[in-house]
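Student: I would like to go through this protein model with you, from the overall fold down to single residues. Could we take it question by question?

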Amino acid sequence: MSVLTRDEAQTRAQLLDVHHYRVDLDLTTGDETFGSQTLIRFTARAAGDTFVELKPETLHSALLDDEPLDVTALDGNRLPLTLTEGEHTLRVGTTMRYSRTGEGMHRFTDPTDGESYAYTQLFMEDVQRVFAAFDQPDLKAVFEVGVRAPEGWTVLSNGITEQQEDGRWQAAPTPLLSTYLVCVAAGPWHSIRTEHAGLPFGIHCRRSLAPHLDADADEILAVTKACYDRYHEKFDEPYPFDSYDQAFVPEFNAGAMENPGLVTFRDEFVFRSAVTATERMSRAMVIAHEMAHMWFGDLVTLRWWDDIWLNESFAEYMGFQTTNEACSDLFADTWIDFGVTRKAWGYEADQRPSTHPVAPDPEAVPDTASALLNFDGISYAKGASALRQLVAWLGEKDFLAGINIHFKRHKFGNATLADFIDNLAAATDRDVHAWAEQWLRTTGVDTLTPRLEGEGTHWRLHVDRDGSRPHRIAVGVYDRQPDGELTLRERHELDVPQEAPVELTGPRPTLVVLNEGDLTYTKLRFDEVSLETVLRGLSRVPDALTRAVVWNALRDMVRDGDLAPADYLETALAHLPEEDELALVQGVLGFARTQIADRYVSEDERPAALATIGEIARALLRRTEDGEAPGLRLTAVRACIDSATTPDKIASWLDEGTVHGGPELDPELRWRILARLAVLGATDETVIAAELERDPSASGQEGAARCRAALPDPEAKAAAWAALFDSDDLSNYLFTATAQGFWQPEQAELVREYVPRFYEAAVALGDRRGPAMAAAAGRYAFPAYAVDADSLDLGDRHLADDRMIPALHRKLVDQLDDLRRALRVRG
């Protein structure tokens, strides 16, 4: 299959003006394939040769202006066209294959009730798996989609759908859309419908999840309506589509997809087990993120994939900011969660060899395969951080004025970075072009460090910068009170680099925190006195967002080898049991468990690290016995399970069906315990099968696959490996679950023989099953537990394999860099 190059897209955009697609899909032809008929109306501005893209199981017919084309001329995914100047029609009839990988038209049969569902994910190049198209974002057109569906199914699409005769459904014509934004979701959905602002709103899920969606419907719809109203306060352009549906679909690869009028979400967001308030807030943020795309991405779309940050950075920033503004009565400060989780993702991505600018040069994104690699922590978290810094520097009023100019000038069209910056510049006297060069065209993370000079009651604060970007920051200056509390003495806003040091009055500060409010994107260090204060008194810092800034700094210091992992764990043990901010507890425990205990300490040190995490969790359990903080208690229970080094306690919870003092075990906790017992060799296939009979749902199937792969038994490992790499039967989610169970630090000797087998197997898998499964293999099936020089050398040698598709190569570059960092931290 050929990937589309930027040069080819530019040439085709100069040649063609695409007007209209009529797409008819037949989903009644069986479980493996479906019928697809496409009629495209377009104009050729001049005579010339071009091509249309499609990836059919069978190409039955193709007619250009009613004249048959040679179907054997299909070359990979390209059907060549020779055009005269003027108007044309192209009719293509195909049989297409359903996907089990979350790409194209994904089909899923629910093991709970046997009902089947199909939905599209057409991002980047996957529209070609569903219908023939001139597949690039700047060839927008009107789409009319018709679907023939089995009896009892409902069909959702970008526009309002109506049921007709013979099982047919017809969607209303869309405004001008890019091909990758077309969406169909079909099946016996459980639907909840309402109206808001004169538009039909709906939320939809599998029937087996109906009770769980019903339980959360009020919250989901309240968040949706509040964000919709808030965006209409921010944006001059009204919502540009005829309805707003949100479908929670099975085995979805991304968090969600911004299809106009029909946003698709992974259906783990329909919570069937207990979750924390932070997890509910994350769902709300994703709702706000995808809704922001209705303007930035859907109404105004990038011209080529080098500007993907225009979509994702904007939606990421708006998602957190608008949730904070519109849902403050439901959730705590969303920027705390952003700082702890999303921002760390950006920092990690930006320090790897695979880093790239937020807005890369067009030449750096020569084709769609390379563009797919940029959906990472830089395009999302770093880009959002840059926009937050821009708002702090520019002011929100001018920022929104520039955004609205952008929407007005480019609505239903395409735009570039240059367009966006010009439109911002039209709303301010600030030099936005220079800001963009410094922030969007560069890579890497700056580091800021405070330096104090003076004596007595006269001190001068300097901020030393390792890096090149300008920063607008706030600085908090703290004193320790006799009772140990830290109080804010002064707060200063300044630009880095500084024109002059900050003059401080009073004795030497006990603590200086740079980047109060977390308004810029930078790593931080502490002066010697401040570091000692942090390690001894972090829980005494009064503001939760400031504590998040401090915890992030300590995390970066561990990753950079400037703070021993044991010191981080001791700091967590000293201060986390007193922490009230749930996002901080989850973030610190997550880093401690998955990075420090699993990678940054040696095999001999690991039991002590797990013991410390367990001690923190037990302290939180004791603190929450009164039931006043259910989210903290649930987080503590999860940490107790994941850090258990002996099976007795968690096995007793499973036997009794409850944690002493609560909560009762729901399916998620039962599978979590069973997975840990499997790792410890304290369960077997009989118990796993019984649990699966108790919970035969899709999540239960994944839990069983994870547990079976985690059993410390040679036959179990061989069976899991064969399922992962020797057949293509596993869906994307079952592949991930099996891979998650396979590698365990406790089973190093048992799985050692599989480490050198991974690379050949992953390369072959990527070649057979494509980028989504290759990325899953690189992320979840990589032997991350094997932190040793031999594993690093082995991986580095295999990176030169020219058979490796880009999606896998990128994942392995990142994994091996993480391995290299872990070795440095251990050293």
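This is a predicted model: local features need pLDDT of at least 70, side-chain atom pairs count only at pLDDT 80 or more; totals for chains, interfaces and linings use all residues.

Student: What radius of gyration does the protein chain have, and why does it agree with a compact globule?

Tutor: The C-alpha trace spans about 90 × 70 × 55 Å along its principal axes. The radius of gyration is taken over C-alpha atoms, and the globule rule is 2.2 Å times the number of residues to the power 0.38. For 827 residues that rule gives a value near 28 Å, which agrees with the radius of gyration of the protein chain, 27 Å.

Student: How many helices and strands are there in the protein chain?

Tutor: Both kinds of element are DSSP runs numbered from the N terminus, helices being H or I with at least four residues and strands being E with at least two. Counted in this way, the protein chain has 27 helices and 28 strands.

Student: What percentage of the residues in the protein chain is buried?

Tutor: Buried means under 20% relative accessible area, exposed means over 50%, and partly exposed lies in between, with a 1.4 Å probe and protein chains only. Of the contacts (heavy atoms within 4.5 Å) with a separation of 6 or more, 71% are between residues 24 or more positions apart. Among the 827 residues, the buried share is 61%.

Student: Which residue of β26 is the bridge partner of L461?

Tutor: Two strands pair if DSSP finds at least two bridges between them. Strand β23 (residues 458-466) and β26 run antiparallel and are joined by four bridges. Within this pairing, L461 has as its bridge partner V502.

Student: Which residue in the turn between β22 and β23 has a positive phi?

Tutor: Strand β22 (residues 447-455) runs antiparallel to β23, with nine bridges joining them, and one of the bridge partners is the pair G454 and W459. The two strands form a hairpin with two residues between them, and the turn residue with a positive phi, about 60°, is G456.

Student: Which residue in β28 is the bridge partner of T447?

Tutor: Besides its hairpin with β23, β22 pairs with strand β28 (residues 523-524) in the parallel sense over two bridges. In β28, the bridge partner of T447 is K523.

Student: Which residues of helix α17 are buried?

Tutor: Helix α17 covers residues 648-656, and its buried residues have cover that includes α15 (606-623), α16 (630-642) and α18 (667-679). After the helix comes G657, with a positive phi near 75°. The buried residues of α17 are I650, S652, W653 and L654.

Student: Is A9 buried or exposed?

Tutor: A9 has its place in helix α1 (residues 6-15). Because its relative accessibility is 3%, A9 counts as buried.

Student: Which residue does a cis peptide bond join to V496?

Tutor: The bond in question has an omega of about 5°, and the residue asked for is found in the loop between β25 (486-496) and β26. The residue joined to V496 by this cis peptide bond is P497.

Student: What relative accessible area does N515 have?

Tutor: N515 is found in the loop between β27 (511-514) and β28, and it has a positive phi of about 65° although it is not a glycine. N515 is buried, with a relative accessible area of 1%.

Note on methods:
Residues are numbered from 1 along each chain as its sequence is written. Side-chain values use heavy atoms; hydrogens and water are left out.
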